[in-house]
Amino acid sequence: MSSGKAEHSGKFEHSGTSEHSGTSEHSGTSEHSGKAEHSGKAKHSGKAKHSGKAKHSATGDRGRNGGRPEKVDWSGRADHRRLAPARWSVLVAACAALALGALFALQAREDYVVSVEHGWETVETAAELLADHAERAIDTSRIIAGRIAEQVTAGGFDRYRGDRWEDLQALGASSPMVGTIWVLDANGDVVATTTSKVPPASNVADRPYFRALKAGAADHLSGLMRGRVTGRWFFGYSQAIRVDGVFRGLVQVTMHIENFRRVYDTLELDLGPKSQIGVYKPDGTMVVRWPLPTAESGESEDAEVPRFLAGTLPHQDGRAEISAPNGREFLQVFRTTPRYGLLAVVTIPCADVLEPFYGRLASNGSLLLVALAVIGVFGIVAGRAASREMRETRSLVESEERFRAVFHNAAVGIAQLSPEGRFLVVNERLCAIVGYTAEELNGKTFMEITHPDDLDSDLVQVWRLRAGDVSAFRREKRYVRRDGSAVWVDLNVSRLVAGGRSYNITVVEDITARKAAELALRDSEQQYRALFENAAVGIAQVSADGLFLSVNDRFCDIVGYTAEELRTTSFQDITHPADIKEDLAQKRRVLSGVISNYRMEKRYLRKNGSRVWVDLSVGCVRPGNGVEGRFVTVVNDITERKQIEKALLRSEERLRLAGEAGNVGVWDWDIATGILTWTLPQWRLHGLEPRETLTYDDWRQTVHPEDRDQLDAAVMEAVTSGGALEAEYRVVLSDGSIRWLATRAKIFMNEAGQPLRLTGVDLDISVRKEAEEQQRQMSRELDHRVRNTLATVQSIVVATARAATDIKSFRESIVHRIGSLAKTHTLLTNPSGGIALTDLLHLELDTHEDPARKRIALEGPHVLLPSSMALALGLALHELAVNAAKYGSLSVPEGRLAVRWSLARPGPDGSRCLSVEWVERGGPSAADAGSPGFGSTLIDRIVTSQPDSHISREFGAEGLRVTIALSLPDAKPRLRLVS
């Protein structure tokens, strides 16, 4: 039981558990100076029954009640008896008049305190949000600037020149906080920017941030600046670009002040012409200011801080009441940013904060007079009102009991919050969702348990609700639980006006499991999309009937079609006809479930008609639920590999053919086992048939006995020293013939430096060896020829001198004869070791032939004359040609000469007889020729100097006929080449 006087200042205060039983009587005057107004004496008698415990967890509005918690009374059902008869109405009216006066005074005082505290809370909330907004803006700028600086450092400024401007534009558009991005070189010239208003010749070398970075600073946050071209206010974060410690330029990301104007407008801080927000560096330099400095304000554009704020900036969080020089007072809140040490400052004039209070005070004063006038009327109707109030109170209590049952037992979280966001009442389900007890939530705001990433957008909706733009809103957000974990909720917030005050009713549903599933699905889709779009291989989704559903860029590059063209195309249309059958067969096996995937190499036909080889991997996705399966195809371009393989096969084939055609043998000797491995040409070079095993000793037995020791020494030298093996040796073939081989080999060692194997090639050098032997023989023969030639010259000189009548004739004869000898000797350089008879005849007779080549006829088989015989026959033919030109058929134009020769069969000793016939016609008659002259005598001596040779002459009327018979020795046997 309780009695006495209960005074309330607009709040019903209850805390803890209240248990009531028995009879409750209340008497006395109940005075209220809040929104709920009651007057008169209320006497209650009878029983007030309360069934059980009423638990209360209502958090008061500390913002509007001087920091004291507000309690909402849901203590159960109250049963009020009918009020006193109407005769008490006059007394009640008098008491109401006194109470109303007291209520007005108390309400005015409380309204003043609440208005001031509300102003402080508004400024504090704005300062916290401003500090967070400024820090996130600088974080975003630093990340973007760092990315661009890394790319420029790696690839140079060309990364953002020309058509790559769009890449820079895309970075600028990636965050709404970013205004303009600038890339500058070491001279301060603009390389690239996201604005189109800047002329190419722009230079910022005089800007403080450029000078600071060039002097060695890593980054720089500028103060408030105005753009020279755009005229817009901004501040910028700059980062230096250095390559090997040398300054190459910088990247600047600017944030336009309009972004902070939106914060200003969203916070609804425009309470007066002197309200403002600002961000300052520790040295007092202004970074952000809204409203901006204007000429009307009397402040210069480069003012560091407003004049009335000078000297008031601290270096830590706090709030202060300050006075401007003109006497105006301001509420000012400071918040520092933890990472950058900036100071966010929000200032509201006190007059603007209290202006609504003064308006309410004037309005309530007028209402007081009106209220006193109607008190009399109230006294008359008090009796009736008391009875009606009793019935309404009983109905209200019953309704409250039903609401309380629903409230506390709901399957979703429910909370009542003050307009400033403080929890007043919460149910058990909300406590379970956020992990706090009702007592712990008492006094907290929803901002304190809201995830920082969701707070800005949440505040925007709450401010719209407070402003009356919306009556309710719904959104998904995250709460931070007491243990630090995050919980996703579906939030429904509506505005409730009761008793002249407004509240926010929040319904919260835990959707963490659903969001986790959504996030997992989105992450999976993003990973697949990133893999699909950026894969280094081609990826395509193909329907069961072969139509392309989606393709990535790499697949388009491989086949040469665009994605739009492929969406109307099937894989059969672009597959090489020779590969379609196998591809379709494999797909049918996958669809039938025989295999789950397959891999093959096939060819695509590109749009330009060329072919591309691909390594194809195909799997099948079967979503189920009646959805038709589809193929996922992964394609890797292996055209280059195929070309290399083809070239390698051709190279191996050429190597094999070259080895076989050139008799080049390849061999490998495993030193540890002593086993030799030979290619087929190597077996042939040694005249052996291939067999399974071959040892070093087997090889050694094929080597000529005279070369074995020398070859063994060369092999051992290569093995012990690790050097190359180079040797020439002879092998004895099965028929007894000799073949010369040159071997070249390389030794291979293990990591410990021990020899493992000797690998090399053998080349048949028999021809070269024969050529070298022939060269030696030619040298000896040349020596012999020179001695013979000198003897012949000596004989010619002596004979010519005897026949000469004077010096002139001697000189003429000796010159011609030695010249003929020289020309004949020139032919002896023929590497075949002799002179062809036809060449010897042309040498002596071509000077006497006419242009039509009708005077001289040559006829006979190919005959190769030994060098000694060629010299003698050449001199004889020279003398015959000179006599014919002076006295015979070649001395007149109509004369003709025929030279015919033949070879008789070899005799028992292998020698053959060469018969040369010289016939002249159409010249002067030879019948009356006198005694033989010197030329005839010389011819006889030269011809008869050869063994088994003779000469005969016939002097007829038609001309001279000479027959020369020479005995040719058998050809010298040559070395036999074995293949």
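Visitor: Which residue forms a salt bridge with Glu564?
Guide: A salt bridge here is a side-chain nitrogen of Lys or Arg within 4 Å of a carboxyl oxygen of Asp or Glu. For Glu564 the closest N and O atoms are 3.9 Å apart, and the partner is Arg567.

Visitor: What should I know about the numbers?
Guide: This is a predicted model: local features need pLDDT of at least 70, side-chain atom pairs count only at pLDDT 80 or more, and totals for chains, interfaces and linings use all residues. Residues are numbered from 1 along each chain as its sequence is written, and side-chain values use heavy atoms, with hydrogens and water left out.

Visitor: Is Glu564 buried or exposed?
Guide: Buried means under 20% relative accessible area, exposed over 50%, partly exposed in between (1.4 Å probe, protein chains only). Glu564 has 56% relative accessibility, so the residue counts as exposed.

Visitor: Which residue meets Asp583 in a salt bridge?
Guide: The N to O distance is 2.7 Å, and the partner is Lys602. The pair links distant parts of the chain, 19 residues apart: Asp583 sits in helix α14, Lys602 in strand β23. Helices (H or I, at least four residues) and strands (E, at least two) are DSSP runs, numbered from the N terminus.
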